Amino acid sequence: AVAVLADLREEAAVLAGGMTLGPMLNMRLVRPRAVIDISRMAALRSIGSERSTIVTGAAVVQAEAMRSAVVARDLPRLAKGLPWVGHFQTRNRGTLGGSVAHADPSAEIPLCLVILDGTVVLQSRKRVRRVPARAFFAGALTTARQPDEMVVALEWPRLAADTGCAFAEIAQRHGDFAIASAGCAVRIGKDGRIGELSVGLGGVESRPVAIDVRAFIGRPTDRAAADLCDHVASRVTPMEDHAASADYRLALTRALVERVFGAAVADAARKGAAS
(Lines give C-alpha, C1' and ligand atoms only; values in the text may rest on other atoms or scores of the structure.)
Protein backbone atom coordinates (compact mmCIF):
# COMPACT_ATOMS: atom_id res chain seq x y z
CA ALA A 1 0.00 0.00 0.00
CA VAL A 2 2.69 2.49 0.94
CA ALA A 3 4.66 1.51 -2.17
CA VAL A 4 1.72 2.53 -4.35
CA LEU A 5 1.44 5.79 -2.40
CA ALA A 6 5.15 6.42 -2.88
CA ASP A 7 4.77 6.00 -6.64
CA LEU A 8 1.48 7.83 -7.22
CA ARG A 9 1.40 10.28 -4.28
CA GLU A 10 -1.49 12.77 -4.88
CA GLU A 11 -2.87 10.56 -7.66
CA ALA A 12 -3.76 7.76 -5.21
CA ALA A 13 -6.56 7.63 -2.61
CA VAL A 14 -6.74 5.40 0.46
CA LEU A 15 -10.08 3.76 1.21
CA ALA A 16 -10.85 2.34 4.65
CA GLY A 17 -14.61 2.47 5.21
CA GLY A 18 -15.51 4.59 2.19
CA MET A 19 -18.14 6.68 3.98
CA THR A 20 -16.53 9.87 2.67
CA LEU A 21 -14.42 8.71 -0.27
CA GLY A 22 -17.29 6.72 -1.80
CA PRO A 23 -19.62 9.71 -2.29
CA MET A 24 -16.71 11.86 -3.44
CA LEU A 25 -15.85 9.29 -6.11
CA ASN A 26 -19.51 9.04 -7.15
CA MET A 27 -19.77 12.80 -7.60
CA ARG A 28 -16.40 12.97 -9.38
CA LEU A 29 -15.07 15.38 -6.76
CA VAL A 30 -11.93 13.24 -6.68
CA ARG A 31 -10.63 11.17 -9.59
CA PRO A 32 -7.55 9.22 -8.43
CA ARG A 33 -5.60 6.90 -10.71
CA ALA A 34 -5.67 4.26 -7.97
CA VAL A 35 -7.79 3.50 -4.92
CA ILE A 36 -5.95 1.59 -2.20
CA ASP A 37 -8.37 -0.49 -0.11
CA ILE A 38 -6.95 -1.10 3.38
CA SER A 39 -10.17 -2.38 4.95
CA ARG A 40 -9.09 -6.03 4.96
CA MET A 41 -5.60 -5.50 6.40
CA ALA A 42 -5.77 -7.40 9.69
CA ALA A 43 -2.83 -5.46 11.15
CA LEU A 44 -4.82 -2.24 10.84
CA ARG A 45 -7.98 -3.59 12.53
CA SER A 46 -6.61 -4.33 16.00
CA ILE A 47 -7.14 -2.60 19.34
CA GLY A 48 -4.27 -3.09 21.77
CA SER A 49 -2.51 -1.69 24.83
CA GLU A 50 1.03 -0.40 25.18
CA ARG A 51 1.79 0.65 28.76
CA SER A 52 -0.25 3.81 29.32
CA THR A 53 -1.52 3.99 25.72
CA ILE A 54 -4.33 2.33 23.79
CA VAL A 55 -3.49 1.81 20.11
CA THR A 56 -6.29 1.50 17.55
CA GLY A 57 -5.52 0.50 13.98
CA ALA A 58 -6.57 2.91 11.26
CA ALA A 59 -9.11 0.44 9.84
CA VAL A 60 -10.90 -0.27 13.14
CA VAL A 61 -14.58 0.12 12.33
CA GLN A 62 -16.46 2.60 14.52
CA ALA A 63 -19.08 0.02 15.51
CA GLU A 64 -16.31 -2.38 16.59
CA ALA A 65 -14.81 0.35 18.76
CA MET A 66 -18.22 0.95 20.35
CA ARG A 67 -18.44 -2.76 21.25
CA SER A 68 -14.84 -2.97 22.50
CA ALA A 69 -14.42 -3.66 26.22
CA VAL A 70 -10.98 -2.00 26.04
CA VAL A 71 -12.44 1.25 24.69
CA ALA A 72 -15.28 1.22 27.23
CA ARG A 73 -12.89 0.63 30.13
CA ASP A 74 -9.79 2.63 29.20
CA LEU A 75 -11.07 5.23 26.72
CA PRO A 76 -14.37 6.51 28.11
CA ARG A 77 -13.69 9.82 26.39
CA LEU A 78 -13.89 8.08 22.98
CA ALA A 79 -16.74 5.82 24.12
CA LYS A 80 -18.82 8.91 24.97
CA GLY A 81 -18.22 10.46 21.55
CA LEU A 82 -18.78 7.44 19.28
CA PRO A 83 -22.61 7.29 19.58
CA TRP A 84 -22.74 10.80 18.09
CA VAL A 85 -20.86 9.72 14.94
CA GLY A 86 -23.14 9.53 11.91
CA HIS A 87 -25.79 6.81 11.98
CA PHE A 88 -25.98 3.11 12.88
CA GLN A 89 -25.47 2.18 9.23
CA THR A 90 -22.44 4.39 8.63
CA ARG A 91 -20.77 3.32 11.88
CA ASN A 92 -20.76 -0.25 10.56
CA ARG A 93 -18.46 0.86 7.72
CA GLY A 94 -16.75 4.08 8.82
CA THR A 95 -13.37 3.74 10.52
CA LEU A 96 -11.48 5.60 13.24
CA GLY A 97 -8.50 6.28 10.98
CA GLY A 98 -10.64 7.34 8.05
CA SER A 99 -12.38 9.99 10.11
CA VAL A 100 -9.05 11.35 11.37
CA ALA A 101 -7.49 11.33 7.89
CA HIS A 102 -10.48 13.16 6.39
CA ALA A 103 -10.26 15.88 9.08
CA ASP A 104 -13.77 17.29 8.92
CA PRO A 105 -13.87 20.09 11.54
CA SER A 106 -17.24 18.79 12.81
CA ALA A 107 -16.14 15.16 13.18
CA GLU A 108 -16.34 13.62 16.64
CA ILE A 109 -13.39 11.19 16.51
CA PRO A 110 -10.75 13.83 15.68
CA LEU A 111 -12.11 15.98 18.52
CA CYS A 112 -11.84 13.09 20.99
CA LEU A 113 -8.25 12.47 19.88
CA VAL A 114 -7.35 16.14 20.29
CA ILE A 115 -8.93 16.42 23.74
CA LEU A 116 -6.94 13.38 24.92
CA ASP A 117 -3.74 14.77 23.36
CA GLY A 118 -3.41 11.60 21.30
CA THR A 119 -1.07 10.82 18.43
CA VAL A 120 -1.51 9.96 14.75
CA VAL A 121 0.89 7.29 13.45
CA LEU A 122 1.87 7.77 9.80
CA GLN A 123 3.81 5.34 7.62
CA SER A 124 5.51 5.78 4.27
CA ARG A 125 7.86 3.49 2.39
CA LYS A 126 10.79 5.20 4.09
CA ARG A 127 9.70 5.80 7.68
CA VAL A 128 7.14 5.76 10.47
CA ARG A 129 6.45 9.03 12.24
CA ARG A 130 4.16 10.10 15.07
CA VAL A 131 2.39 13.45 14.95
CA PRO A 132 0.54 14.87 17.97
CA ALA A 133 -3.14 15.20 17.10
CA ARG A 134 -3.12 18.87 18.07
CA ALA A 135 -0.52 19.48 15.35
CA PHE A 136 -1.95 17.01 12.83
CA PHE A 137 -5.11 18.96 12.02
CA ALA A 138 -4.16 22.10 10.10
CA GLY A 139 -7.61 23.23 8.94
CA ALA A 140 -10.78 22.00 7.29
CA LEU A 141 -9.94 18.74 5.45
CA THR A 142 -6.24 19.60 5.80
CA THR A 143 -3.68 17.66 7.83
CA ALA A 144 0.05 17.19 8.30
CA ARG A 145 -0.02 13.92 6.33
CA GLN A 146 2.34 13.89 3.36
CA PRO A 147 1.18 12.50 -0.02
CA ASP A 148 3.28 9.33 0.37
CA GLU A 149 2.08 8.63 3.93
CA MET A 150 -0.83 6.61 5.22
CA VAL A 151 -2.50 6.80 8.63
CA VAL A 152 -1.86 3.37 10.16
CA ALA A 153 -2.82 3.83 13.83
CA LEU A 154 -4.05 6.20 16.51
CA GLU A 155 -2.49 6.32 19.96
CA TRP A 156 -4.82 7.27 22.83
CA PRO A 157 -3.49 8.02 26.33
CA ARG A 158 -5.24 5.79 28.84
CA LEU A 159 -7.42 7.71 31.30
CA ALA A 160 -7.35 7.10 35.03
CA ALA A 161 -10.29 5.06 36.31
CA ASP A 162 -11.76 7.99 38.25
CA THR A 163 -11.77 10.40 35.31
CA GLY A 164 -15.20 11.78 34.48
CA CYS A 165 -16.03 12.27 30.80
CA ALA A 166 -18.82 13.87 28.78
CA PHE A 167 -19.56 14.73 25.16
CA ALA A 168 -22.39 16.72 23.56
CA GLU A 169 -23.14 18.38 20.25
CA ILE A 170 -25.79 20.39 18.47
CA ALA A 171 -26.86 19.47 14.93
CA GLN A 172 -29.98 20.04 12.88
CA ARG A 173 -30.72 16.30 13.19
CA HIS A 174 -28.89 13.53 15.01
CA GLY A 175 -26.21 12.23 12.69
CA ASP A 176 -25.87 15.46 10.73
CA PHE A 177 -22.65 17.44 10.78
CA ALA A 178 -22.31 19.11 14.16
CA ILE A 179 -22.81 22.87 14.21
CA ALA A 180 -20.82 22.77 17.44
CA SER A 181 -19.63 19.99 19.73
CA ALA A 182 -17.75 19.86 23.01
CA GLY A 183 -16.00 17.25 25.10
CA CYS A 184 -14.63 17.33 28.62
CA ALA A 185 -12.60 15.08 30.91
CA VAL A 186 -12.03 15.91 34.58
CA ARG A 187 -10.52 14.36 37.71
CA ILE A 188 -11.60 15.64 41.10
CA GLY A 189 -9.48 15.53 44.23
CA LYS A 190 -10.80 14.41 47.61
CA ASP A 191 -11.09 18.08 48.57
CA GLY A 192 -13.59 18.67 45.74
CA ARG A 193 -11.12 20.64 43.64
CA ILE A 194 -10.19 20.06 40.02
CA GLY A 195 -7.11 17.86 39.73
CA GLU A 196 -7.02 17.41 35.96
CA LEU A 197 -9.13 19.02 33.25
CA SER A 198 -9.33 18.98 29.46
CA VAL A 199 -11.88 20.70 27.23
CA GLY A 200 -12.15 20.68 23.45
CA LEU A 201 -14.47 22.00 20.74
CA GLY A 202 -15.44 20.74 17.30
CA GLY A 203 -17.36 22.44 14.51
CA VAL A 204 -16.60 25.89 15.91
CA GLU A 205 -13.31 26.60 14.15
CA SER A 206 -11.87 25.04 10.98
CA ARG A 207 -10.31 22.22 13.01
CA PRO A 208 -10.90 20.56 16.38
CA VAL A 209 -9.31 22.61 19.16
CA ALA A 210 -8.21 21.85 22.71
CA ILE A 211 -8.55 24.80 25.08
CA ASP A 212 -5.81 25.69 27.55
CA VAL A 213 -7.58 25.29 30.90
CA ARG A 214 -4.58 24.98 33.21
CA ALA A 215 -5.78 28.04 35.14
CA PHE A 216 -8.69 25.99 36.50
CA ILE A 217 -6.58 23.30 38.14
CA GLY A 218 -7.09 23.47 41.91
CA ARG A 219 -10.37 25.38 41.71
CA PRO A 220 -13.54 24.07 43.40
CA THR A 221 -15.80 22.39 40.85
CA ASP A 222 -18.92 24.13 42.16
CA ARG A 223 -17.50 27.57 41.35
CA ALA A 224 -15.77 26.86 38.05
CA ALA A 225 -18.58 26.39 35.52
CA ALA A 226 -19.47 30.02 34.72
CA ASP A 227 -15.86 31.16 34.54
CA LEU A 228 -14.96 28.14 32.39
CA CYS A 229 -17.65 29.03 29.84
CA ASP A 230 -16.35 32.60 29.61
CA HIS A 231 -12.74 31.38 29.40
CA VAL A 232 -13.44 28.95 26.55
CA ALA A 233 -15.60 31.42 24.62
CA SER A 234 -12.87 34.06 24.78
CA ARG A 235 -10.33 31.70 23.21
CA VAL A 236 -12.11 30.66 20.03
CA THR A 237 -12.77 32.40 16.73
CA PRO A 238 -15.99 30.80 15.47
CA MET A 239 -16.40 30.28 11.75
CA GLU A 240 -19.50 31.35 9.84
CA ASP A 241 -21.22 29.28 7.15
CA HIS A 242 -24.64 28.29 5.80
CA ALA A 243 -25.43 26.37 9.01
CA ALA A 244 -24.79 29.06 11.60
CA SER A 245 -23.42 32.51 12.23
CA ALA A 246 -20.31 33.10 14.31
CA ASP A 247 -22.41 34.59 17.13
CA TYR A 248 -24.67 31.54 17.20
CA ARG A 249 -21.68 29.20 17.37
CA LEU A 250 -20.29 31.27 20.24
CA ALA A 251 -23.59 30.94 22.10
CA LEU A 252 -23.58 27.19 21.49
CA THR A 253 -20.01 27.02 22.77
CA ARG A 254 -21.02 28.50 26.12
CA ALA A 255 -24.04 26.22 26.44
CA LEU A 256 -22.17 23.06 25.47
CA VAL A 257 -19.17 23.74 27.72
CA GLU A 258 -21.49 24.25 30.68
CA ARG A 259 -23.32 21.04 29.79
CA VAL A 260 -20.28 18.78 29.35
CA PHE A 261 -18.41 20.18 32.34
CA GLY A 262 -21.37 19.51 34.61
CA ALA A 263 -21.85 16.02 33.19
CA ALA A 264 -18.13 15.19 33.48
CA VAL A 265 -18.03 16.35 37.11
CA ALA A 266 -21.06 14.20 37.89
CA ASP A 267 -19.45 11.23 36.12
CA ALA A 268 -16.24 11.72 38.10
CA ALA A 269 -18.21 11.90 41.36
CA ARG A 270 -19.98 8.63 40.55
CA LYS A 271 -16.70 6.88 39.76
CA GLY A 272 -15.07 8.24 42.88
CA ALA A 273 -17.95 7.00 45.03
CA ALA A 274 -17.81 3.58 43.38
CA SER A 275 -14.11 3.20 44.10
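**Aromatic pairs and cysteines in the predicted model**

In this predicted model, Phe167 is buried, with a relative accessible area of 9%. Its ring takes part in one of the two aromatic pairs that the structure holds, the partner being Trp84. In contrast to the buried Phe167, Trp84 counts as partly exposed, at 25% relative accessibility.

The other pair is formed by Phe136 and Phe137, whose ring centres are 5.2 Å apart and whose planes stand at 85 degrees, so that the arrangement is edge-to-face. Both of these phenylalanines, Phe136 and Phe137, are buried.

With regard to the cysteines, the count of disulfides comes to zero. For Cys112, the closest cysteine sulfur is that of Cys165, at a distance of 9.2 Å, which is too far for a bond because a disulfide requires the two sulfur atoms to be within 2.5 Å. Cys112 is also buried, with a relative accessibility of 1%. Cys229 is likewise in no disulfide, the nearest cysteine sulfur, in Cys184, being 10 Å away. At 7% relative accessibility, Cys229 counts as buried.

Technical notes
Residues numbered from 1 in each chain as written. Predicted model: local features only at pLDDT ≥ 70, side-chain atom pairs only at ≥ 80, totals over all residues. Heavy atoms only, no water. Phe/Tyr/Trp six-rings, centres within 6.5 Å; stacked < 30°, edge-to-face > 60°. Buried < 20%, exposed > 50% of the residue type's maximum accessible area, 1.4 Å probe, protein only.
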